[in-house]
Amino acid sequence: MTLPSGTRLLPQTYQPLFAYRDFRRLLPALAASDLGDGMSMVAVAWLAVLIAPPDRSGLVVGAAIAAYALPGAAGSLLFGRCLRRLPPRRLLAADSWVRALLLGCVPVAWATGTLHPVLYVVLLAGSSVLHAWGSAGKYALLARMVPPEQRLAANALASSSSSASVVVGPALAGFLATVASPAWIVGLDAVSFAVLAAQVGRLGSKAEEAATTAPIGIGRSVAGLHLLRRQPELLGVLALTWFFNFLYGPVEVALPLHVTGDLHSGASLLGLYWTLFGVGAVLGALTVGTLRRLPLWPVTLGIVVGWGLALVPIGLGVPTSVSVICFALGGVIYGPFTALSFTLFQDRTPAAGLTTVLAARSATLLTAAPTGTALGGPLTAAIGPRQVLAASGTATIALALVAAAVRARGNRRALARPVDRATRDAGSRSRG
C-alpha cells in the first residue's frame, strides 16, 4: 500500500502505521484533544487562581486540578457494569462527549458571572468521570488498529502527540491568557473533545467489528482482572507508576504558585515551563523504539530517578533560566515512560480482557496524581511552593531506590527457590 507523502518525513519506524486508514483518521483527532488538554494545563490552574478568595488560592488550585482527573477512578467503578460491555470506540466517544459538554459550561458560567469555585470544581469533576474508560478505549482501539509488532510505535506516536501538546498548548494558553480569560481557553478544550468525539464516530466498521467479535462480558472482565493480579511484573510497574505520579501531583500546584509567588511572574513563564517540558517529552518519546531492547526495570527506574534529579534544583532556588532547562531535561527523561508502560500491558494481556485491564490500570493511576495534587495544596500553603518542589524531587529519587531494592530482593528469592526445592527433594530421597 502506498503511504501518504507527508509521512515520509517521519522516522521509518512510524511510516507503516499510516497504511491503516482508521489510524490515519484517529491520530489528528487525538492530537486536537491533546492540544486542548495542553492549554488546560495552564488555563485550569490560572482560572482557579482568578476566582479563588485571596487566602484560599492554593486550596482552590489543588481542588481544581484534582477534579480535572480524580473522579475518573470513581467512574470506573460506578459505571463498570454498564460500560465494560461497550467496544473501545464507543467508550472513547462517550468520554469525549461528556468532556465537551461539561467543559463547555465553564465559559458560559464565566460569561454569566456565576462561576463560583464550587461550581468550577463540580464541572471539572463531571467532565473527568469517564476518563478511565475513555483512556482504556483509546489504547485498546490503537491495539486493534495495528499488528502487535507495531503497537509500540503506535503508542509512541500517541504519547508523542500528548507530549507535543505540552509544547504548543501551554505556550498558546499563556499567550491567550494575556488577551482573554482562561475560561475561554477551557472552552477551546471542550471544542477539541467535540472534534475527537465526532471523528471517532466516523471510524470504519472494521474497528467496530474487531471490538465486538469478542465482547467483554462479566466473566471475561473478572478473568482480565485476575490476569493482572497474576502478573507480578505488571503489578510492579503499576505500583511504581502510581507512586511516581502521586509524587508528581504536588508539582502541578507548586509550579504555578512558585511562578507567581517566588518568581513574581505570570502565565507566560508558566507556559514556557510546560512548553519546554513538552519539547523534551516529544524528543524522549520518539526514541522509545530503541529502548525496547533494554531491560524494562532498569529503564523504568532510570526514568524515575532522572525526573527527581531534574526537579530538585528547581526547588533549591537555582536561577530561572537554569530551572527552565532542568524542567526541559525532565521532559526528555519522562518521554518514553507512557509508551513503554502501555505496550507492556497490551503485550501481556489477552485481547478479550484488554479493555477491562486497561480501565483498571487507568482507574488506579487516576487516583495518583490528583491525590498528590490535592495534598499539594495544603503542603504549599504550609511550607511554600519552592520547598514542595524540592521535597517532590527528593521523594521521587527515594522511590526509585526503594523500588530497586524491592526488585533486587524479589529476584534473589526467585533464584533461591529452585535451589531450595532441589535441596528438599535430595533430602527426601536420602531419607527414603
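1. His-258 comes out buried, at 4% relative accessibility (buried is under 20% relative accessible area, exposed over 50%, partly exposed in between, with a 1.4 Å probe and protein chains only). His-258 sits in helix α12, residues 232-262; helices here are DSSP runs of H or I with at least four residues, strands are E runs of at least two, and both are numbered from the N terminus. Setting aside residues up to four places away in sequence, His-258 touches Leu-263, Ile-314, Pro-385, Arg-386 and Leu-389, where contact means heavy atoms within 4.5 Å.

2. A word on the ground rules. This is a predicted model, with local features needing pLDDT of at least 70 and side-chain atom pairs counted only at pLDDT 80 or more, while totals for chains, interfaces and linings use all residues. Residues are numbered from 1 along each chain as its sequence is written, and side-chain values use heavy atoms, leaving out hydrogens and water.

3. On to the aromatics: searching the whole structure gives 10 aromatic pairs. Rings of Phe, Tyr and Trp (its six-membered ring) pair if their centres lie within 6.5 Å; planes under 30 degrees apart are stacked, over 60 edge-to-face, and the rest tilted. Trp-242 and Phe-246 are a stacked pair, 5.4 Å centre to centre with 10 degrees between the planes. These two are four residues apart in helix α12, so about one helical turn separates them.

4. Phe-244 and Phe-337 pair edge-to-face, at 5.4 Å centre to centre and 70 degrees between the planes. Since Phe-244 belongs to helix α12 and Phe-337 to helix α17 (residues 337-348), the pair ties together parts 93 residues apart in sequence. Both Phe-244 and Phe-337 are buried.

5. Phe-327 deserves a look. One aromatic cluster consists of Tyr-248, Tyr-273, Phe-277, Trp-307 and Phe-327. Beyond its neighbours within four places in sequence, Phe-327 contacts Val-251, Leu-255, Tyr-273, Trp-274, Phe-277, Trp-307, Leu-311 and Ile-314.

6. The largest nonpolar core has 101 residues, and those with the most contacts inside it are Leu-17, Phe-23, Leu-26, Tyr-120 and Phe-327. Such a core is a set of buried Ala, Val, Leu, Ile, Met, Phe, Trp, Tyr and Cys residues joined through side-chain atoms within 4.5 Å. Helix α1 (residues 21-51) supplies the largest share of this core, 14 residues.

7. Last, the cysteines. There are zero disulfides in the structure, a disulfide being a pair of cysteine sulfur atoms within 2.5 Å. Cys-105 is partly exposed at 33% relative accessible area, whereas Cys-326 is buried at 12%.
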